[in-house]
Amino acid sequence: LGGATARSISPPGPTPSQSRFQVDLVAEAAGAADDKTPSSDASAAAPEAPSSDPAVSGEEAKGRFRVVNFADPTGEGSVASPEAAPTEGMQNGDTVMSETSLHSSTGGQHHYHYDTHTNTYYLRTFGHNTIDAVPNIDFYRQTAAPLGEKLTRPTLSELHDELDKEPFEDGFANGDELTPAEEAAAKEAAESKGVVKFGWIKGVLVRCMLNIWGVMLFIRMSWIVGQAGIALACVIVAMATVVTTITGLSTSAIATNGFVKGGGAYYLISRSLGPEFGGSIGLIFAFANAVAVAMYVVGFAETVVELLVVNAVMTDEINDIRIIGTITIIILLGISVAGMEWEAKAQIFLLVVLITAIFNYFIGSFIPVKSKEAKGFMGYDASIMWENIGPDFRGETFFSVFAIFFPAATGILAGANISGDLADPQMAIPKGTLLAILITGIVYLGVAVSTGSCILRDASGNVNDTISSQFMANCSTAACKFGYDFSTCKNEDTCRYGLHRDFQVMSLVSGFGPIITAGIFSATLSSALASLVSAPKVFQALCKDNIYPGLQMFAKGYGKNNEPLRGYILTFGIALAFILIAELNTIAPIISNFFLASYALINFSVFHASLANSPGWRPSFKYYNMWVSLAGAILCCGVMFVINWAAALLTNVIVMALYIYVSHKKPDVNWGSSTQALTYHQALTHTLHLSGVEDHVKNFRPQCLVMTGYPNSRPALLDLVHSFTKNVGLMICGHIRTGYRRPNFKELATDQARYQRWLLKNETKAFYTPVFAEDLKQGSQYLLQAAGLGRLKPNTLVLGFKNDWRDGDMMNVETYISMIHDAFDFQFGAVILRLKEGLDVSHIQGQDESLSSQEKPSGMKDVIVSIDTSKDSDADSSKPSSKATNDEDDGKATTQPLLKKDKRSPTVPLNVSDQRLLEASQQFQKKQGKGTVDVWWLFDDGGLTLLIPYLLTNKKRWKECKIRVFIGGKINRIDHDRRAMATLLIHFVNMAAFEEMIEPYRLKEDDMEQEAAERLKNSEPWRITDNELELYRTKTHRQIRLNELLKEHSSTANLIVISLPLARKGAVSSALYMAWLEALSKDLPPILLVRGNHQSVLTFYS
């Protein structure tokens, strides 16, 4: 690389752990030594340097890199000398020029055909000027990037399009104005100066250790050892640690997969599994944290009341707990609201107290004191350890003891919950969380072994319970060894001391009792404080994502740290309400279950993301395994039911209810969740699997390619086909866009996304597929060949009937008929829908509103001019408003522009025919009632003519309709019928009307020379020859007679389905074929002309 590019690629913000890909830079010494011109040296592009070289200024053309919050790396605006090392001058990653240096004062000679724009800078790369950008981490940031600026690389169009095209027509360069998103990012970046961010020790390790070491350590651990014995107590601790370790590994994997913002567990789950799981768990997790505050504060208040109970009871015990609890939570709220820095200082102080208390206990356990022996503390002794190694359950079971201990192991997400306040969450969360689990696990095990090895299970506290010499011989308990006999109080159940009886036994053992009390205070208050901070932070992140629209007000943050003050008040309110209940034994298991539900989902997220195998899942933390995570998720669910099956059921019901609510609301977010990735993965696998299986007649489904044009322009066609393909077969809305203008593929892609959204919003299960083509025939061939994928390919072409075929250019009819011929060539079935009012409603004012209102941002006037063109060279041939389309409206070609205004403006009244058309276009959206679907199955086409009405009447709207099937007459009567029909028809007016209809399209070769006739036939292939008319006279008669029969028998049907007459390719001219279709289907209810591809689609075998 030249001197311009030999520099550090990552800007000062992110630490190495954020950039997952290491980039090795190659420097060319020669290039760096020779390139000393101001235009080429990287360091010369300092913020205030105006370019003086005219040629250089001319080349500052088209590189559009917007620097949202450009800060001078050197801190001063002067020009860095060319000799300065590129790495020093170029801390910000690229050759950045501020906006003052972008416009040259001397307008030099331009090397390009377009002007220099503002907000641009160019690069000198590989020794020459280019607007192509070298890789840079800033291109990959989101717009509101908290760590460094967001840069925009040049688009493909800017590098690739022809030079006469205005490069900024997409509206990217707005002069000096920033887009709203950039303004927000710049504002956020400006505000973020002076924000307090924590490292891994202060932010994660301290918090997690304080949260995990709860009250359990001092007042329940000894009781657990008494009940379960040393061995099983260690098993209980190990089981809990296994669950938390697996969850810790999963949390680390998710946290290192990308930049983690505020919101902790909610953020991790929602970005992995999507808003449904994230939203339900986020609400529960925030609530659980809020109630946990109450639980810890009541634990603290109970301890204080126990100390006061001797001489200072205020009212009664319950009310004292309420009073002390309320005072405590107000003080804690004050600390939290004062800011994260104060809260962190309080946490450090509490940790010091807690660790002192733990050391105090261990030191005390090595100092045997004679006065404590009667209370059960004998000092370390093998016989005591041996006696306490096995279980001695009294009124408890292994699992009930485990359920009491497990909440002490929770709290591993305390660090992750304030992820937004960590300097580098990707490094801090794994390191701090896993280390905290390790340290706390070892301490729990140490306390279990220690208490079991030096304290008896039962002791009376009476110094006189010594052993008499005559019983010495047959005494087997460990107490005998020390000269005590506690069998009396044990048998009479009056012992007040020992592991079983005394919750405060650790205070007894410790070197200085009050320090243990201070440790209990510290453990409860620190856990309360951590939960009081976690709940609002998680809740704020949830509200920011607007998953529950009513909670938007809690998203607002205050001050430079974006503190969720409203969330603090809400948490305070919830916690206070539960403190006033003061009976937390019922609530504790529900909280544990809420925490476990979120642990289970974090584990499941890792499994799910690994299973989906998405390229976006690449955590830098490698010590995880998808199957271990799945086992962790199952373990968490198991533990939920072990702790309290009723609470577990309640938790599951709440999670499911919230999940269903969020799924129903469909929040407008897209976080690239693993659910999306897995859906794609499964779709791909199943599509490939399907391709390897032969089709079977029992599994035949009509897969329709429907020529709708824009999907909202022919509602009747769309609705009817959707009625029989919904949840049964594939439906593709084909749209052929034509014109002599150069195709705008970018617009095509935008339209594709826009109309696909429209279909989804209207709950139409279909795909919109537009193509550019030179004419309609070529476009339909493209679609017939290329639409679909594998087995999911269309097998039936559906068209609207061309009502205006006699008004326009007859070549359009030729194209229209050729589409039907092409369909048969490709072995497709063909279906044509005719409504006497027509199908195309795109010219009617207000039709586009349903689309435009949802696509355009509010406040934008929705005024669209739509001109109905007959033969416009730029027209989209399958555009609903264009004349050359496959189904047009009785030839009404309005040329005046129709103005579509926004909904507030008064609507222009429709004329009668448009009113009728609009009503007809919506007829298939309504319930059809007790009508009939008449099937005229005249020719055996494989059964498609019968299958479509059957599928249709299976649907709710058509369920009440009866199917009536009409078939042709008896075989031996056909000749007789035909003769009789021929003689009758000669006298009919209908034949005269038919003759009149085809008159303008006849070739009349008898009236001209043969050569002239051939020339005319070649130039106008649709013309009907006399020979052809005579040859197919019987067939013509049949169509006219059928129309009469249809009018006679089916004039009241809701829908007529009839076999489509076939015309041999090359033998029947398109005008004659079109005239047949016209004669057969005119003046009838909605009629569907169907012709299968003559392969069976029905079978009577099971």
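Predicted model: local features only at pLDDT ≥ 70, side-chain atom pairs only at ≥ 80, totals over all residues.
Biologist: Is C636 buried or exposed, and at what relative accessibility?

Modeller: A residue counts as buried when its relative accessible area is under 20%. C543, at 2%, counts as buried. C636 also falls under the cut-off and counts as buried, its relative accessibility being 0%.

Biologist: Which strands stand at the edges of the open sheet of nine strands?

Modeller: The order of the open sheet is β5-β4-β3-β6-β7-β13-β12-β10-β11, and its pairing is mixed. A strand at an edge has a single partner strand, so one side of it is left without a neighbour in the sheet. From one strand to the next the twist averages 20°. The edge strands are β5 (767-772) and β11 (962-966).

Biologist: Which residue in β12 stands opposite W936?

Modeller: Strand β10, residues 932-936, runs parallel to strand β12, residues 1055-1059, and four bridges join the two. Within β12, the residue that stands opposite W936 is I1058.

Biologist: What angle does the direction of helix α37 make with that of β10?

Modeller: Helix α26 (residues 715-725) packs on the sheet, where the strands it touches include β3, β4 and β6, and its direction makes about 170° with that of β3. Helix α37 (residues 1033-1050) packs on the sheet too, touching β10, β11, β12 and β13. The angle between the direction of α37 and that of β10 is about 155°.

Biologist: How far apart in space are K1047 and P1085, C-alpha to C-alpha?

Modeller: K1047 lies in helix α37 and is partly exposed, with a relative accessible area of 34%. Leaving aside neighbours within four places in sequence, K1047 is in contact with K1082, D1083 and L1084. P1085 is 38 residues away from K1047 in sequence, and the distance in space, C-alpha to C-alpha, is 9.1 Å.

Biologist: Which residue meets R834 in a salt bridge?

Modeller: The search of the whole structure finds 24 salt bridges, and one of them involves the side chain of R834, with an N to O distance of 3.2 Å. The pair links distant parts of the chain, 244 residues apart, with R834 in strand β7 and the partner in helix α38 (residues 1070-1081).

Biologist: Where does K927, which meets E960 in a salt bridge, lie?

Modeller: The side chains of E960 and K927 meet at 3.1 Å, N to O. E960 is partly exposed, with a relative accessible area of 37%, whereas K927 is exposed, at 54%. E960 lies in the loop between α32 (944-953) and β11, so the pair ties together parts 33 residues apart in sequence, with K927 in the loop between α31 (912-921) and β10.

Biologist: How far apart are the closest N and O atoms in the salt bridge of D934 with R964?

Modeller: This pair links strand β10, which holds D934, to strand β11, which holds R964, 30 residues apart. D934 is buried, with a relative accessible area of 0%, and R964 is partly exposed, at 33%. Their closest N and O atoms are apart by 2.7 Å.

Notes:
Residues numbered from 1 in each chain as written. Heavy atoms only, no water. Pairing = 2+ DSSP bridges. Axes fitted to C-alpha atoms, helices over the stretch in contact; angles between N-to-C directions. Contact = heavy atoms within 4.5 Å. Buried < 20%, exposed > 50% of the residue type's maximum accessible area, 1.4 Å probe, protein only. Salt bridge = Lys/Arg side-chain N within 4 Å of Asp/Glu carboxyl O.
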